[in-house]
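The structure is shown first, and the description follows.

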Amino acid sequence: MEGREHAHDVVMRLFKVRMSFRQLVVSRIRRERMDMTFEMMQILHRLYREQGVSQRILADKIYKDKACLTNLIGNLEKKGWVARKTDPADRRNRLVYLTNEGKEIASRISEALDEMYALIAKKVGQEALGVCLTELDRLDLVFNELK
């Protein structure tokens, strides 16, 4: 029984940590007076790191389903922060790019996130973060095996 309880506690803490991080980022977005959701921030930050990706690849990189992502990209297009263009290599694909205004906002997001990540690394320590990554990868493998 104890093993099951520990497994349950680990999964619940993963949810808790995710929510704590989300709340931290949302508070930072509000403080910076950026009019966007957490999910929009994820898209802009990913595109800042890698422009011109397909919606499918973008969905995979931010762990969202493609249908949800399509709606989010539409909202970002309305704000003038992203643009979709047809992939010249495969006309069925739409590639997503930041606009000039989107680049400016994504740059602010990237700076804020880099600050947060540096503080996290300082408070937690490189070695502990390495252990966390190893164990999270192990958990992910187990979850995928159980599918």
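## Terms and basis

Helices are DSSP runs (H or I, at least four residues), numbered from the N terminus. The model is predicted: local features need pLDDT of at least 70 and side-chain atom pairs count only at pLDDT 80 or more, whereas totals for chains, interfaces and linings use all residues. Residues are numbered from 1 along each chain as its sequence is written, and side-chain values use heavy atoms, with hydrogens and water left out.

## The largest pocket

The largest pocket has a volume of about 1,900 Å³. A pocket is an open set of points on a 1 Å grid over the protein atoms alone, with protein on both sides within 12 Å along at least five of seven lines; lining residues have an atom within 4 Å of a point. Of the 31 lining residues, Val17, Arg18, Phe21, Tyr63 and Leu136 are the closest to the centre of the pocket.

Helix 6 (126-146) is among the helices that each supply at least two residues of this lining, together with helix 1, helix 2, helix 3 and helix 5. Helix 6 gives the most, with nine residues. By class, the lining of the largest pocket holds 19 nonpolar, three polar and nine charged residues. Here Ala, Val, Leu, Ile, Met, Phe, Trp, Tyr, Cys and Pro count as nonpolar, Asp, Glu, Lys and Arg as charged, and the others, Gly among them, as polar.

## The cavity

One cavity of 30 Å³ or more is found in a search of the whole structure; a cavity is a set of grid points where a 1.4 Å probe fits but cannot get out. The largest cavity has a volume of about 60 Å³, a volume being the space filled by probe spheres set on the points.

Its lining consists of Val25, Arg28, Ile29, Glu32, Met34, Met41, Ile109, Ala112, Leu113 and Met116. Helix 1 (2-31) and helix 5 (100-124) are the elements that give two or more residues to this lining, and helix 5 has the largest share, four residues. Eight residues of the cavity lining are nonpolar, none is polar and two are charged.

## Packing of helix 2 and helix 3

Helix 2 (residues 38-49) packs against helix 3 (residues 55-62) at an angle of about 110°, with the axes 10 Å apart. Helix 2 is therefore roughly perpendicular to helix 3 (65 to 115 degrees).

In contact (heavy atoms within 4.5 Å), Gln42, Ile43, Arg46 and Leu47 of helix 2 meet Leu58, Lys61 and Ile62 of helix 3. This contact has four nonpolar, one polar and two charged residues.

How values were computed. Axes are lines fitted to C-alpha atoms, for helices over the stretch in contact, and angles run from 0 to 180 degrees between N-to-C directions. Angles under 35 degrees count as roughly parallel, over 145 as roughly antiparallel, 65 to 115 as roughly perpendicular and the rest as oblique.
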